[in-house]
Structures are given as structure tokens and as C-alpha cells.
Amino acid sequence: MIRVVLPAHLRTLAGVDGDVTLEVEGPATLRSVLDALEASYPVLRGTIRDHVTERRRPFVRFFACEEDLSHELPDTPLPAAVVSGAEPFLVVGAMAGG
Amino acid sequence: MSSVRLLVGTRKGAFVLTSDGNRERWAVNGPHFGGWEVYHLKGSTADPQRLYASQSTGWFGQLIQRSDDGGKTWAPAGNQFAYDGVPGTHQWYDGTPHPWEFKRVWHVEPSLTDPDTVYAGAEDAALFRSVDAGQTWQELPGLRGHRSGHAWAPGAGGLCLHTILLDPSDAKRIFVAISAAGAFRSDDAGETWRPINRGLKSEGIPDPDAEVGHCVHRIAMHPSRPGVLFMQKHWDVMRSDDAGESWHEVSGNLPTDFGFPIGVHAHEPETIYVVPIKSDSEHYPPEGKLRVFRSRTGGNDWEALTTGLPQRDCYVNVLRDAMALDTLDPCGVYFGTTGGQVYGSADAGDHWNPIVRDLPAVLSVEVQTLP
């Protein structure tokens, strides 16, 4: 069970309070977690990554275990603490825009 | 008794303002989509309870919201705007080719007859259409694919398609305007397009009367005379009496002919409204006086409408989609400012009152006249 923390605007959009929990089949990677997130909440498609290229939107970041995973390749395995559910995977709206 | 619903898009959400036909007391509902930019929202004339809204931020991109109850509740529709085929390039600020990239929807225009059909004007400039109430969107690629498309360049606000006019007398005729490419017309429901900029003169481009490259800010028509178009250009207020085949200037005695919105009286097709702005670098009213100008002669002869509007120390702007006119009699006129005020007149502009004073910067105002 992977815990995902969404920024406030995306929680509102998805209609959720607090963390989102996801079951991910196979290895837990950036790609597979985001695939599972979008499958559970289709309204989030296009808000975190591009519909077609799946490239991360410029002002969205991915953090976990005090590390910035934003520039990792999509199929990079997530940290064990995220996979076990001990630590959350954070989708963050970058500090930008004043 | 009739009622009026104002749809206000702002930098930080949407607001729905309602009043009875007297247009004296208003209820304010919102913000909807708080924290998001709402460039535009508009209701369907075929089903006034059906509204579409364009919601975006730099963080999370574009959403389209739809309401089926006049703005009380909303639900996200489709948000995938993919350019048709291999997008190619347009001209960048430095003259180099730049790939077309979708950024946001500036304007939503519901069909005049089908509430499930709606058009979206995008940045980078493209026209999209949905025939399933906004769930899926398809580009009408003939516009961007016009032979001049590769040479279109963005204005300061981006390469945006901001104006969509549907001809009520001819279902196949569509007018659009793009900054800074100009005005275009399709006579085959959006399949093919041609520029309609003859008569425009823009001193800021190398060839002042070029076929494309003009910074058209807004076009307006009266539904009873769709062949007569009025245009607020970057500089100059223009008029066409032949559906855009040719234009002539009608700025007349305006204190400045720079501005953004232009509108037409609901019952007097020769009565038009503009809000003059000092210049393209000074985006505020001349002399700090917020004045709407009205011409009852289709241009050239303009009168200042000032009663109820601030006449000193006012330095707000009124953006291109931020003026609307209802169809009551007398005709109501409304506009919003970058200072967050929405002003309304229930007597065709003779007297004004602030409906709200402290919204986020207003990006758009639309009005629905309801039975």
C-alpha cells in the first residue's frame, strides 16, 4: 500500500481528504504510482504530467524520504520506505509564482 | 420577471452574480475553483443552465468545468487538447521557429443550437471543438494549418485565440481572432480559413497592411446583422460592413483608440461600446478617469459615459473578454476591471453602479438574460 500526498488543489479536484492510498501492481516506480493514481482519479490526468508524453509538468515536483525524485527516470524504483507505506510519496506544487 | 446572471472569471476563481430584471440588488456566489485562473466562462443559448468554464494554473495545467444547473454545481470535463498531427512551428519572438505548445484555453464558445457542442480558443493559437459536452476535444486544424500559420507570432500576452463568433444566420460561418495574427473567417464550419484583415493598419509591424500579423483585441457583432463587425484592435477601433472582407477605422473622437473590449447594444445594432485605455504600455484609463465610450452611429461619433464611474485616480484595465451586454430593455451593460470591480448599468450605460468592488483581477464577464 503506497501513500500519496497531493497538493491541496489536486485533493479538492479529486475530492479526497488527506493521503491517498494506492495498490500498485508490480514494481513501484514513479510511472506505476502515477498510473495507479490516475486510474483511481481520472480527473487528475493532465494535471501532474502530460497526457501524451507523460512528462512531469514543470511546476510539479516529486519528493519522498527527504529526497527530490523529480528528475529520476519514470521507471526508477521508489524507496523501500515508500513501497512499504512507512513514508509517503509527495506530489508537490513547486514554490513559484510569488 | 426576467433575471440576469453574470459569469465572472478572475485570476483566482469564478463568480456567479445574479439579480432580478431590475438589476439593482445582486447576489454573489463564489469563488468557484478558488485559486485557479478562470480565463472565461460562458452559458449555452440553447440551454442556459449549461455553462462551460476554462480553469487553469501554471502548476496543474488546464481543466474544463461544466455546470448543468446554471453554475450552482460544477464537474470537470475533458482536458486533453492535442494538436492535430505533427504540430510544426510558428514564429517565436526572436524570429526563430518555435514548436506549437498548448498552454491554456482563453475562450469557450458554446454552439448557438446544441448545448453539447462547444468551441475552445487556445494558446498557442488553435481552435478546438467538442461535440460531447466537453468530454473530448478535437482541433479544427485548417486554421493553424493556413499557409500563414508558420509566420504567426505571439503578442505580449501570448499567441492566443481569444475571440470566437458564430454567425446566427449561417451555421457554417465562424469568425476568430488571434493575437498577434489577426482575424480569420471560415465559411465551411471550420474546415478552411482565410485571413480577413484588409484595411487594418498596424504601424508596429514591418508591413503595416500585411495580410496577417495584426494584434486584434476583440471583435463583436449584433446577431441581427452578422455581416457587420466591430473590432477593437491594439490601436484603432474598426468596422466592417462585409463580414470582414474590408475594414475601415471608426475611432473618431475617442480620447485614445487603444483598448481591449468592444460590445454591441442588444437592440440597437449601431450602438457600440469601448473602454479606451491610454496606451499599449500604460494599461489604464487616460487621465485616471474610468470612462466607457458609446457610439450610437456605429462609430466615429463617441460620447463618454461617466456617471457612477470613478473620475479620478483610477488606474485599472478592462480586458478583452470583460464586457458584456444583456438583452433586457433597457439594455444592461457590464464590465470588470483588473482592480476587481464589476460595474453594471441598467440603462444602456447612462448610469453605473459597482456590483462588487473587491474580487480578484477580472479576466472575463459574460451575461445571461433568463426568462
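**Exercise 1. A strand pair in chain B**

Find the residue of β11(B) that is the bridge partner of B:V105.

*Solution.* Step 1: in β11(B), B:V105 is bridged to B:A122. This is a predicted model, in which local features need pLDDT of at least 70, side-chain atom pairs count only at pLDDT 80 or more, and totals for chains, interfaces and linings use all residues. Residues are numbered from 1 along each chain as its sequence is written, while chains are lettered from A and ligands numbered from 1 in the order in which they are written.

Step 1: widen the view to the strands. Helices (H or I, at least four residues) and strands (E, at least two) are DSSP runs, numbered from the N terminus. Strand β10 (residues 104–110) and strand β11 (residues 118–123) of chain B run antiparallel and are joined by six bridges; two strands pair if DSSP finds at least two bridges between them.

Step 2: check the surroundings. A residue is buried if 20 or more other C-beta atoms lie within 10 Å of its own, exposed if 12 or fewer, and partly exposed in between, with C-beta atoms placed from the backbone. In β10(B), seven of the seven residues are buried, so the rest of the structure largely encloses this strand.

**Exercise 2. Two ends of chain B**

*Solution.* Step 2: the strands concerned are β1 (residues 3–10) of chain B and β30(B), which pair in the antiparallel sense over eight bridges. Step 3: β30 of chain B (residues 362–370) is mostly covered, with seven of its nine residues buried.

**Exercise 3. The neighbours of a serine**

Which residues does B:S251 touch, leaving out those up to four places away in sequence?

*Solution.* Step 2: list the contacts. Two residues are in contact if their C-beta atoms, placed from the backbone, lie within 7 Å. B:S251 touches B:D236, B:V237 and B:D257. Step 3: B:S251 is buried, having 22 other C-beta atoms within 10 Å. Step 4: B:W302 is 51 residues away along the chain, yet its C-alpha atom and that of B:S251 are separated by 8.4 Å.

**Exercise 4. A helix in chain A**

Work out what covers the buried residues of α2(A).

*Solution.* Step 1: chain A has three helices and five strands, in the order β-α-β-α-β-β-α-β along the sequence. Step 2: in helix α2 (residues 30–40) of chain A, the buried residues are A:L30, A:V33, A:L34 and A:L37. Step 3: seen down the axis of α2(A), these buried residues fall within an arc of 95 degrees (the arc of the directions from the helix axis to the C-beta atoms), so they line one face of the helix. Step 4: the cover includes β1 (2–5), β2 (20–22), β3 (60–64) and β5 (89–93) of chain A.

**Exercise 5. Where the chains meet**

How many residues does each chain bring to the contact?

*Solution.* Step 1: chain B gives nine residues and chain A gives 13 residues. Step 2: on the side of chain B that touches chain A, four residues are nonpolar, five polar and none charged. Here Ala, Val, Leu, Ile, Met, Phe, Trp, Tyr, Cys and Pro count as nonpolar, Asp, Glu, Lys and Arg as charged, and the others, Gly among them, as polar. Step 3: for the whole model, the scores are ipTM 0.94 and pTM 0.97.
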